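Dear colleague,

Please find below the structure I am handing over to you. My notes on what was found follow it.

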Amino acid sequence: MKTMIQCSSVFVFMILVLPGGFAQSAEDGSLLPLEKQDRLAIEKYLGKEVVGQAIPAPALVDTNRYVNMSAGNRNYRLVSGPDTGNIEHHRPTLLKQDANKTTWRYDTGARFIYYILGKEDGNYVVTGVTDNEEGVFIQYSPNKPFMLQGLAPGEQRNIQTEMKVFELSNPDKQIHTGILDIGYRYLGAYKVTVPAGSFDAVLIKWTFNGKVGPASLNDTQYRFFVADIGMIAAIEQMKVSATLLYKKQRKIAKVLVDKPKS
């Protein structure tokens, strides 16, 4: 059972937040209303008052502004899941910076610590994640997409990555491997209201399917980002199944409580 629970952590990502407008203002973008299944999933976990009407969606030409890692600490309230009502204190820390890339450690203040790489081409990717509760570190190769540069509204990219799972207490000991198929889609832009305020936000959807060790994994995630703010809301819907006798599900959603102070 412990092994199955360890496997469930491989799909959980991180989130970010801040205020502002779009990262580019060339010409008006596409107006893409949410498809029914996406709206139902979002309203189920975030509530019906968070996501409003569709607005013109820009091309994602400046990922730095949407990710906004340098804005400092931020707080999120859990609005779905077993810890509903709790506050997560997220702390991004710059580990390394050179002319071509930046490396960040993103601590959610709970069980997960994410390692994020900002690349020269503008892509932000997750290189690995520490799960302190299960005592494992998960490494992705190629890296898992977090915010990809240059996507047009409605565009999807498909990526396959290998996962390697190591024990935290013995980092040289690899205990699982697996393959993960990722669908990464820019759904559009929408009016979004969270405790931190009302914003024009872009919405990214991730779908995950794969197998690590003996466990099959299936996940759908949504994240709303605002230029010069960061991530303002996120949803994870995780399903893990190893046998007919073992199934694990996570339904977690969080919203930005207040704007970062820096």
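Strands are DSSP runs of E with at least two residues, numbered from the N terminus. This is a predicted model, in which local features need pLDDT of at least 70 and side-chain atom pairs count only at pLDDT 80 or more, while totals for chains, interfaces and linings use all residues. Residues are numbered from 1 along each chain as its sequence is written, and side-chain values use heavy atoms, with hydrogens and water left out.

I begin with a lysine. Lys144 belongs to strand S7, which covers residues 136-147. Lys144 is buried (under 20% relative accessible area, 1.4 Å probe, protein chains only). Lys144 has no salt bridge (a side-chain nitrogen of Lys or Arg within 4 Å of a carboxyl oxygen of Asp or Glu). Asp219, the nearest side chain of opposite charge, is 7.3 Å away; Lys counts as positive and Asp as negative. The side chain of Lys144 does make a polar contact, at 3.0 Å, with that of Tyr140 (N or O atoms within 3.5 Å, one able to donate a hydrogen and the other to accept it).

Strands S2 (residues 74-80) and S3 (residues 87-97) pair in the antiparallel sense over four bridges; pairing requires at least two bridges found by DSSP. Tyr76 stands opposite Glu88 in S3. Six residues lie between the strands of this hairpin, where Gly81 takes a positive phi near 110 degrees.

Note on methods: Buried means under 20% relative accessible area, exposed over 50%, partly exposed in between (1.4 Å probe, protein chains only).
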